[in-house]
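I'm opening my notebook on a new structure today. Let me put it up here before I start looking things up.

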Amino acid sequence: MELWPNFFIVGAMRSGTTTLHAYLKNQPDVYMPDEKEPVYFSTLPSIFSGRQLTKEEYLTLFDNVKNEKAIGEASIQYLRDPLSHKRIFEKLPQAKIIIILRNPVFRAFSQYLAIWSIKKISISEEIRKDAKRMDENDLENDNPLAYGLYYNQIKRYLNKFGSNQVRIF
């Protein structure tokens, strides 16, 4: 028998999804796989692994479920991916969706700091470059400023799942 999650954490990058994943993982009636960000339902390549899990690989994440009532997974990419909501709904129309947001300015700055810590780039130059891309309507590609444009991202989930199945924090 295939066992699929019954809830998803689809929050914004750098908004606390990793912390929520860790807290829920320690709750007795909740099952969260060890792997965060499986991005199975995303049409975008994983920003972490660069690959897409197969159905079989994805389902093995839930092999250790015992009798937990809530079975979840967390992938931030599901919020910005323009098709994840449809793919989740097609397979799991009763799933609950948890969306975690953060002030878009603080979220973007946190992401720029994370990028800077690796690449040692000029944060102001990166912001100018990303703002120019936004002027050119390049909103879906890897752009820290565009990640904070939450309206359409949230609207997709509310329209598909309804307000009874979506919670925004």
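This is a predicted model: local features need pLDDT of at least 70, side-chain atom pairs count only at pLDDT 80 or more; totals for chains, interfaces and linings use all residues.

Is the crossing of helix 4 and helix 7 left-handed or right-handed? I looked it up, and the crossing is right-handed.

Next I checked the angle. The axes of helix 4 (residues 84-91) and helix 7 (residues 150-161) cross at roughly 20° and come within 9 Å. Angles under 35 degrees count as roughly parallel, so helix 4 is roughly parallel to helix 7.

Then I wanted to know who touches whom. Helix 4 brings Ser84, His85, Lys86, Ile88 and Phe89, while helix 7 brings Arg156, Tyr157, Lys160 and Phe161. Sorted by class, I get four nonpolar, two polar and three charged residues in this contact.

On to the rings. I find 13 aromatic pairs in the model. Tyr40 and Tyr58 are a stacked pair, with 4.5 Å centre to centre and 15° between the planes. Tyr40 is in the loop between strand 2 (30-31) and helix 2 (55-60), whereas Tyr58 is in helix 2, 18 residues apart. Tyr40 counts as buried at 16% relative accessibility, and Tyr58 does too, at 0%.

Tyr157 and Phe161 also stack, at 6.1 Å centre to centre with 15° between the planes. They are four residues apart in helix 7, so about one helical turn separates them. Tyr157 is buried at 0% relative accessible area, and Phe161 is buried at 5%.

Last entry: I noted one aromatic cluster, and among its members are Trp4, Phe8, Tyr40 and Tyr58.

Key:
Residues are numbered from 1 along each chain as its sequence is written. Side-chain values use heavy atoms; hydrogens and water are left out. Axes are lines fitted to C-alpha atoms, for helices over the stretch in contact, and angles run from 0 to 180 degrees between N-to-C directions. Helices (H or I, at least four residues) and strands (E, at least two) are DSSP runs, numbered from the N terminus. Angles under 35 degrees count as roughly parallel, over 145 as roughly antiparallel, 65 to 115 as roughly perpendicular and the rest as oblique. A crossing is left-handed if the near helix is turned anticlockwise from the far one by less than a right angle, and right-handed if clockwise. Contact means heavy atoms within 4.5 Å. Ala, Val, Leu, Ile, Met, Phe, Trp, Tyr, Cys and Pro count as nonpolar, Asp, Glu, Lys and Arg as charged, and the others, Gly among them, as polar. Rings of Phe, Tyr and Trp (its six-membered ring) pair if their centres lie within 6.5 Å; planes under 30 degrees apart count as stacked, over 60 as edge-to-face and the rest as tilted. Buried means under 20% relative accessible area, exposed over 50%, partly exposed in between (1.4 Å probe, protein chains only).
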